[in-house]
Amino acid sequence: MTSPHHDRLLESITAHAAHVGVIGLGYVGLPLAIAVARSGFSVTGFDIDPAKIVALDEGRSYVEAVTDDALGREAEAGRFRSTTDFAGLGLCDVIVICVPTPLTKHRDPDLSFVEKTSHAIAKTLRPGQLIVLESTTYPGTTDGVVRAILEETGLKSGADFFLGFSPEREDPGNRAFETASIPKVVAGDGALAAALMERFYGAVVASVVPVSSNATAEAVKLTENIFRAVNIALVNELKVVYDAMGIDIWEVIEAAKTKPFGYMPFYPGPGLGGHCIPIDPFYLTWKSREYELPTRFIELAGEINSAMPRHVVGRLAEALDRRQGKALSRSSVLIIGLAYKKNVPDIRESPSLRLIELIEERGGKASFHDPHVDEIPSTREYPSLKGRRSVAFDEDTIRRFDAVLVATDHDAVDYAALVRWAPLIIDTRNVFARRGHSADHILKA
């Protein structure tokens, strides 16, 4: 079976003549847009945030994975532009959706961004377009939600337009991989859409991994992140148990990972952050209810990981009481690292925000220092923290705090100086031991 719309689009993609639209110019969308432009396609980026468009028009990238030079090269070559005007979607041959898929406060999927974007695409949908969803979601979203909205126009998937799913695999701060070098899982709604997906992504990334259906591709992404969430929960639980036994979990992991088979190291921390690991597993938990099947591992892992910030604050309070003779309610605490992972400015779902909240719920005062984050932006979960700024990193400032809590082990922090200046240190990342610093006032949590 073939289609004239499919054949023309396939030829256009093969010749790099197709115009590509990327909706959502964040940590996923902007790197993808630049990678597509670099491969020779003309790209228009769409976003509802005017501030992002202003920055891009001025040649300023706000995503670490895209340098100003890379952005400038594609813009100057005429291969990349950005806009808030979604009317231009009708001119695009390929449209890739890279919008957020958060959870509600009840841990149910919030597909409002995907739904609104799909309705925006539907306004200008025409025959011969390939629509791709990259946003992480539960199996069935692409075919059941996006396709349903688009087919309200009277056009049919697989005959008039084509629909696919390819999960994003961005890893902020990981310089070993970029969008174009990471294998891309691709799938389509039917054989024609699948062929278009392979041809389009094959022109942009080093290798593609075709799977049989959009639902399978959606499940691949969830499986990758559930794997990490469950294993991180395991070492977080072991950390608590081994600590009660007087055993250092970090020493255990370092020894265990010398086994050349059958073991993969995961590391504990103060809680999970980023868009993927704290959120994505619950998309499957929610969907599984439709089939009356439990997801006990996933839910238990979520409970363990969600409890880590409270465990860390408990350790902090205990250390202040025993070492300083001071209650947390009368103490000031400096948190090192607001970002959810080292060497990036990304604070999405960062446990540091929860740590600040918990410390202040118990009457303490919390500040933060982060070499990558100057100010706390507006967040859905912690609106009251908006506008707080990173404090200076100097001896006078550090000595004013009763304790320093290392939540994120950024390389740009002078840990030797912290050992000298801080009266009490709670280390959730084992950064001091890894750097050869040991002292009685450094405690792990």
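Phe41, Phe200 and Tyr201 make up one aromatic cluster in this predicted model, where rings of Phe, Tyr and Trp (its six-membered ring) are paired if their centres lie within 6.5 Å. By this rule the count of aromatic pairs comes to 9. Among them, Phe41 and Phe200 form an edge-to-face pair, at 5.7 Å centre to centre and with 65 degrees between the planes (planes under 30 degrees apart count as stacked, over 60 as edge-to-face and the rest as tilted). Phe41 lies in the loop between α2 (29-38) and β2 (42-46), and Phe200 in helix α7 (residues 191-202), so the pair ties together parts that are 159 residues apart in sequence. Both Phe41 and Phe200 are buried, that is, under 20% relative accessible area with a 1.4 Å probe and protein chains only.

Helix α10 (residues 281-288) packs against helix α11 (residues 296-324) at an angle of about 135 degrees, with their axes 10 Å apart; helices are DSSP runs (H or I, at least four residues) and strands likewise (E, at least two), numbered from the N terminus. The two helices α10 and α11 are therefore oblique to each other, the class left once angles under 35 degrees (roughly parallel), over 145 (roughly antiparallel) and 65 to 115 (roughly perpendicular) are set aside. In the contact (heavy atoms within 4.5 Å), Pro281, Phe282, Leu284 and Thr285 of α10 meet Ile298, Glu299 and Gly302 of α11. The residues of this contact divide into 4 nonpolar, 2 polar and 1 charged, with Gly counted as polar.

Residues are numbered from 1 along each chain as its sequence is written. Local features need pLDDT of at least 70, side-chain atom pairs count only at pLDDT 80 or more, and totals for chains, interfaces and linings use all residues, while side-chain values use heavy atoms, leaving out hydrogens and water.

Conventions. Axes are lines fitted to C-alpha atoms, for helices over the stretch in contact, and angles run from 0 to 180 degrees between N-to-C directions. Buried means under 20% relative accessible area, exposed over 50%, partly exposed in between (1.4 Å probe, protein chains only).
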